[in-house]
Amino acid sequence: MGEENIILRADNITKKFAGVTALNGVSLNVHRAKVNVIVGENGAGKSTLMKILSGVYPEYEGTLLLNGEKVNFSSPKEAMKSGIAIIHQELNLIPYLSITANIFLGREIVDSFGMLDFKKMNQMAKALLTRLECDVPPTTLVAKLRVGQQQQVEIAKALLEDAKVVIMDEPTSAITDAEVEVLFRIIATLKKQEVSILYISHKLEELFKIADRFIGLRDGKMVGTIENVSQAKKEDLIRLMVGRDIKNLYVKEDLPLGKEVLRVEGISLPKHTIKSEYLVKDVSFNLRRGEVLGIFGLMGAGRTELLETIFGLHSKTMVGDIYIDGQEIRITSAMDAVANGMGLVPEDRKADGLVLQMPIFKNISMASIDQIVKNGLLNSGLEMDLAHKYIGNLNVKTSSPGQKSENLSGGNQQKVVLAKWLASTPKILFLDEPTRGIDVNAKNEIYHLINNLAKEGLGVLVVSSELPEIMAICDRILVMGTSRITGEFSQKEATEDKIMNAAIL
Amino acid sequence: MDIKTTIIKFQSIIALFVLCVVLALMSDKFLTMENGWNIMRQISVNVCISVGMTLVILTRGIDLSVGSILAFSGAVAAGLLKFGIDMPSLNLYIGFTVFGAILGGFVVGGGLGLFNGWMITQFKVPPFVATLAMLTIARGATMLWTGGFPITGLGPNFAFIGTGWFLGIPMPVWITVIVVAIAVVITKKTKFGRYIYAIGGNESAARLSGLNINKIKIWVYAIAGILAAVGGIILTSRLDSAQPNAGFSYELDSIAAVVIGGTSLSGGRGSIMGTVQGALIIGVLNSGLVLLNVSPFWQQIIKGFVILIAVIMDRVNHPNED
């Protein structure tokens, strides 16, 4: 590959945070009009590298060359002017402004009177949206869009600025499969238009569909590239990421099932706005001790809402009956749910799972603080014992239990949320997308953990939108179509086709 | 711990120390026992209110009504003590001892705080608005109760609370120390205290962990009300008079003490001892500026800048918070 085909070159980039080396002499090339995929575990330095390339971190050692010329961006805005745009995992749009207003934010077009030229901006926005296969009128408020559409607006922003390099950080983590298809078509189109893509994702399955080459990052170092994607196998990619073969990605032991621990009958949850429509409609199922029950569904099928409803978060509007150990229980709040032996590991661990500024040990004791109270006061000895126990059991990688939770990697944060619930010794554990945004190694640890919990006699309910995951770790799989249960399969009879066919019902 | 984090941790104490040294050099009246007790007595009311304010702010709330609640509970205590409850039409008269009158003040303060908490948790009224409403409600109630005139002549027993000495230490200082000590234990060593931090740090995570958010918040506002009543009784006793406009704008001094003490207005981070240091800085500054004959107008301007500097320092030390 000649020099002219390299649009962006990072040379010997080193970045340190308060003594911790996030990137250590990383050199890599971004090839022109190709999809360059960066793979690596969480904490490998991918995000740091992206932030340097897109001007978020202006200070670092080493050099960046754009089209062979040395550049140093002092801000994302400057990077964008030079043609490097980044689509963050968390989208940065203003909800109560229109699509057009968001696309043109900070670059508004004005007429000769200095007034906003809505007509022209809407026309241009419309043209950009059409290019992205998005048929929503540009005057629509962003708040009304689905996540996938919002992402398209972000991409439109980048295109408006005539970006030559588009960095995408986990773009498929929050969108539906249909939207993923659209995104991949957009990426293909962009490639034809000589745009270079730098793509980060944990979803190995999807990477082979779009990648032109892989770049491996491990522990802040560049460890190699795979240039010939068509010859590469999944195992090669995993070796590049973690540096060793993981023979068996998923494990699920066949365990004997115990008595029924949870049964729900006729659970429904009407929509807030339209009472005749339902987010969850007439869902009934049971869960036995020692069982891992999976709920698969596409985005918007109502999986999270179902868990929330059973957990007492929508007690004013829900209908249906909940039985725990055969006894009918009224659950009107999360408090009731916890008191009845349930735990919920939420989808968004940062927003709903952890108090990020609190140290690990305080998060672990949060849901079961009574066990560390002695003579009416919190006993730090008991609390530390509890923390050490679960940090050890779950293999949380941390310097000390006093470390702030916000400084942990995603996988370790998830383990702390799990530790919080395990410390409360629940009978029933709900896991909502337990491995979202977590690297392969930590994923595997969490699968083992789920298996062990079932072995100890917990009933585990796992919601996931990753098919291989749900097929591997669950004894039984319920499929949710729009708001209803549309299929049920045992692990043996489940195939990807059957599940997907039920999910689109 | 390196030097930088040590300095950050003790920056309020360092600021207080520097302030004292400077004032001691500029005025020979500053560093005397008499002036020391004066400052302590003066800040005692603010410290009591600010302890409650700290708890409220730690839950990511605010309480603008403390000044008015202070006035109303002080006036109720004074009124009960002096006049009792007298209803000739029912042929009813209830007299109050000092203890009974003080208890009456606490009930009023706690009750109004409870009302704040009820509005905030049950009707989802934002704390700013709910307590703003209470600010005018309680002030109006004070005017009604007093008829707009001070209630004075409350007797030596009642006056002892605000002006007496015990074991060589002024009574208001004793009361304040006890309030602070209890609050430190509650925040550091009890479940309730831990939950206050958890709610302020991430209310959603706290709710999903099974915490009774509403109950904790209602208690926090009730405690803020009771502590305002404590302040009201100290103030009324010291002046031997319940003034209808007592405690006017005290909520602002209180918020200032909390903020200077390093408690984050976005909740979840801060401490009672920080607030005590904040109140001390304000108290020492007030006293010093008076001793140096600085005009009261300038005093206000200086105080405003001290608040700004404190918050800027806090921002520099915690750059990642909203």
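User: In what order do the 6 strands of the open sheet with mixed pairing in chain A lie?

Analyst: The model is a predicted one. In chain A, 6 strands make up an open sheet whose pairing is mixed. Neighbouring strands in this sheet are turned by 15 degrees against each other on average, direction ignored. The order of the strands is 16-19-20-13-21-22.

User: Which strands of chain A stand at the edges of this sheet?

Analyst: An edge strand here has a single partner strand, so one of its sides is left without a neighbour in the sheet.

User: Which residue of strand 20 of chain A is the bridge partner of A:Phe430?

Analyst: Strand 19 (residues 428–432) and strand 20 (residues 459–464) of chain A run parallel and are joined by 5 bridges. For A:Phe430, the bridge partner in strand 20 of chain A is A:Leu461.

User: What angle does the direction of helix 15 of chain A make with that of strand 20 of chain A?

Analyst: Helix 15 (residues 440–455) of chain A packs on the sheet. There it touches strand 13 (292–297), strand 19 and strand 20 of chain A. Its direction and that of strand 20 of chain A make an angle of about 150 degrees.

User: In the open sheet of 4 strands in chain A, which strands stand at the edges?

Analyst: This sheet has the order 12-11-14-15 (chain A), and its pairing is antiparallel. The edge strands each have a single partner strand, so each has one side without a neighbour in the sheet. They are strand 12 (278–288) and strand 15 (327–329) of chain A.

User: Which residue of strand 14 of chain A is the bridge partner of A:Leu262?

Analyst: Strand 11 (residues 260–270) and strand 14 (residues 319–324) of chain A pair in the antiparallel sense over 5 bridges. In strand 14 of chain A, A:Leu262 has as its bridge partner A:Ile324.

User: At what angle does helix 9 of chain A run to strand 11 of chain A?

Analyst: Helix 9 (residues 303–310) of chain A lies across strand 11, strand 12 and strand 14 of chain A. Relative to strand 11 of chain A, this helix runs at about 115 degrees.

User: Which residue in the turn between strand 4 and strand 5 of chain A has a positive phi?

Analyst: Strand 4 and strand 5 (residues 69–71) of chain A pair in the antiparallel sense over 3 bridges, with A:Leu65 opposite A:Lys70. The two strands form a hairpin with 2 residues between them. The residue in the turn with a positive phi, of about 50 degrees, is A:Asn67.

User: Which elements give two or more residues to the side of chain B that touches chain A?

Analyst: The contact takes 18 residues from chain B and 23 residues from chain A. By class, the chain B side has 5 nonpolar, 8 polar and 5 charged residues. The elements of chain B that give two or more residues to this side are helix 9 (191–201) and helix 10 (203–208).

Key
Residues numbered from 1 in each chain as written. Chains lettered and ligands numbered in written order. Predicted model: local features only at pLDDT ≥ 70, side-chain atom pairs only at ≥ 80, totals over all residues. Contact = placed C-beta atoms within 7 Å. Nonpolar A, V, L, I, M, F, W, Y, C, P; charged D, E, K, R; others polar. Pairing = 2+ DSSP bridges. Axes fitted to C-alpha atoms, helices over the stretch in contact; angles between N-to-C directions.
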